[in-house]
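Trainee: I would like to learn how to read a model like this one, feature by feature. Could we go through it together?

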Amino acid sequence: MIRMAVLGSGSSGNCAVVETEHARILVDAGFSGKQIRERLSLLGRGIEDLDGILLTHEHQDHCAGLAILCEKYKIPLYCNKLTAGFVKSKWLPKFSEWRCFETGSSFVVKDLTVQTFSVPHDAYDPVGFVVGAGGVQAGFLTDLGHVTRLALDRVRLCRALVLEANHDPHLLQNDTKRPWAIKQRILSRHGHLSNEAASKAIEFLETSEMSHLFLGHLSPDCNTPDLALESVRQALGQKNATHVHLEVAKQDKVSGWIELF
Ligand SMILES: [Zn+2]
Ligand SMILES: [Zn+2]
C-alpha cells in the first residue's frame, strides 16, 4: 500500500508526498521550507522524516524549498544531470547529497520504485515520475506542452495520477495580464497542458485501475476549477470511469492523504 497527498499545485508552487511504511519522499519542493514544513505537519509529518526529493525540473515553482530542505536538512535530491547543473549553481552550491539519474531510468528509494520519463517542457531536461510499491503506482504528469505516447505509456496503469490541466485556451487568449509572448510560450508544444489536452489524455489511460485523479497546475487567471473538472469529468464519463475520484489540487490547500491498494 502507498499513501500520497498533494501539498499544493499551481504556478506559485508544486509539491506532493508519497510514502510507504518504510519510505517517504517529496515530488518537487516548490514552496518555501517554512511552507513545506507547515503543510507536512497538517498531514502529521515532518521534514526530518523525508528520505528524498524527486525533482521534475528546475523552474522556481518546483524548487523554491530546495535550499532549506537540501542544504540545511541534507535530504538527498534525485534529479538528472542537466537539472542538477542548474540547481547546484542557483540554489545548492554546498550540497553534497546528489542522487543523479539518467532520464528514462528507474531506481529505488528504500521500498519505493521510481520510474522517470522525459516530458516536453521548456526546461533543461524535464521529467515525469511514476512512483510505486507492491504493484501500486502513483503518477506525476505536469509541466508538459503536449502529451506524448511515451508519457501516456508510463502513466497508463497508475492507481492515482496528478495530471496537468493548466488553462482554458479561450480564457488564455482573452487574458489581458499576459503579453503575447508568454501566451505563446504556454500554448506551445513545450508549455503547459490545456483542459482539453488533459481530457484527451484520459482516453488512453487504463481507468479501470485508477482510483484517484488530481488535476494540477491550474492557472489562477486562465482556468477555473469548474472548467477543468467539467472537461475531465466528461472524458471520464465517456469511458464509464465514474468510479474515479476526481479533484483539483489546490495552490493554497493541502489535499488529504489518499491510500492506494
Ligand atoms: Zn511548474
Ligand atoms: Zn515548469
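Mentor: Donors here are N, O and S atoms within 2.8 Å of the metal (3.2 Å for Na, K and Ca), and water is not among the atoms, so sites may look incomplete. Before going on, note that this is a predicted model in which local features need pLDDT of at least 70 and side-chain atom pairs count only at pLDDT 80 or more, while totals for chains, interfaces and linings use all residues. Residues are numbered from 1 along each chain as its sequence is written, chains are lettered from A and ligands numbered from 1 in the order in which they are written, and side-chain values use heavy atoms, with hydrogens and water left out.

Trainee: Are His62 and Asp143 buried or exposed?

Mentor: Buried means under 20% relative accessible area, exposed over 50%, and partly exposed in between (1.4 Å probe, protein chains only). Both His62 and Asp143 are buried.

Trainee: Which residues coordinate the zinc ion (ligand 2)?

Mentor: The zinc ion (ligand 2) has His57 (NE2), His59 (ND1), His121 (NE2) and Asp143 (OD) as its donors, at 2.2 to 2.5 Å. Their spacing in sequence is H-x1-H-x61-H-x21-D. Asp143 coordinates both zinc ions, ligand 2 and ligand 1, which are 3.4 Å apart. His121 sits in the loop between β8 (112-118) and β9 (127-133) and Asp143 in the loop between β10 and α5, so the two tie together parts that are 22 residues apart in sequence. The arrangement around the zinc ion (ligand 2) is irregular because its 4 donor atoms subtend angles of 90 to 170°. His121 is buried, as is Asp143.

Trainee: Now the core. Which residues have the most contacts inside the largest nonpolar core?

Mentor: In soluble globular proteins, nonpolar side chains tend to be buried together. A nonpolar core is a set of buried Ala, Val, Leu, Ile, Met, Phe, Trp, Tyr and Cys residues joined through side-chain atoms within 4.5 Å. The largest one here has 30 residues, and Leu141, Leu213 and Leu215 have the most contacts inside it. At least two residues each come from α5, β11 (160-164), α8 (195-202), β12 (212-216), α9 (225-238) and β13 (245-248). Helix α9 gives the most, with 5 residues. Contact means heavy atoms within 4.5 Å; leaving out residues up to four places away in sequence, Leu141 touches several residues, including Phe117, Val119, Ala151 and Leu161.

Trainee: In what order do the strands of the open sheet run?

Mentor: Two strands pair if DSSP finds at least two bridges between them. The open sheet has 7 strands in the order β6-β5-β4-β3-β2-β1-β14, with mixed pairing. Its edge strands, β6 (98-101) and β14 (258-260), each pair on one side only. Strands β1 (residues 2-8) and β2 (residues 15-19) are antiparallel over 5 bridges, with Arg3 opposite Glu19 and Val6 partnered by Ala16. The two form a hairpin with 6 residues between them, and Gly10 in the turn has a positive phi of about 155°. On the other pairing, β2 and β3 are antiparallel over 4 bridges, and Val17 stands opposite Leu26 in β3.

Trainee: Which residues of β2 lie on each side?

Mentor: In a regular strand the side chains alternate between the two faces of the sheet. In β2, Cys15, Val17 and Glu19 are on one side and Ala16 and Val18 on the other, and all are buried.

Technical notes:
Tetrahedral: all angles 85-135°; square planar, octahedral: opposite > 155°, others 65-115°.
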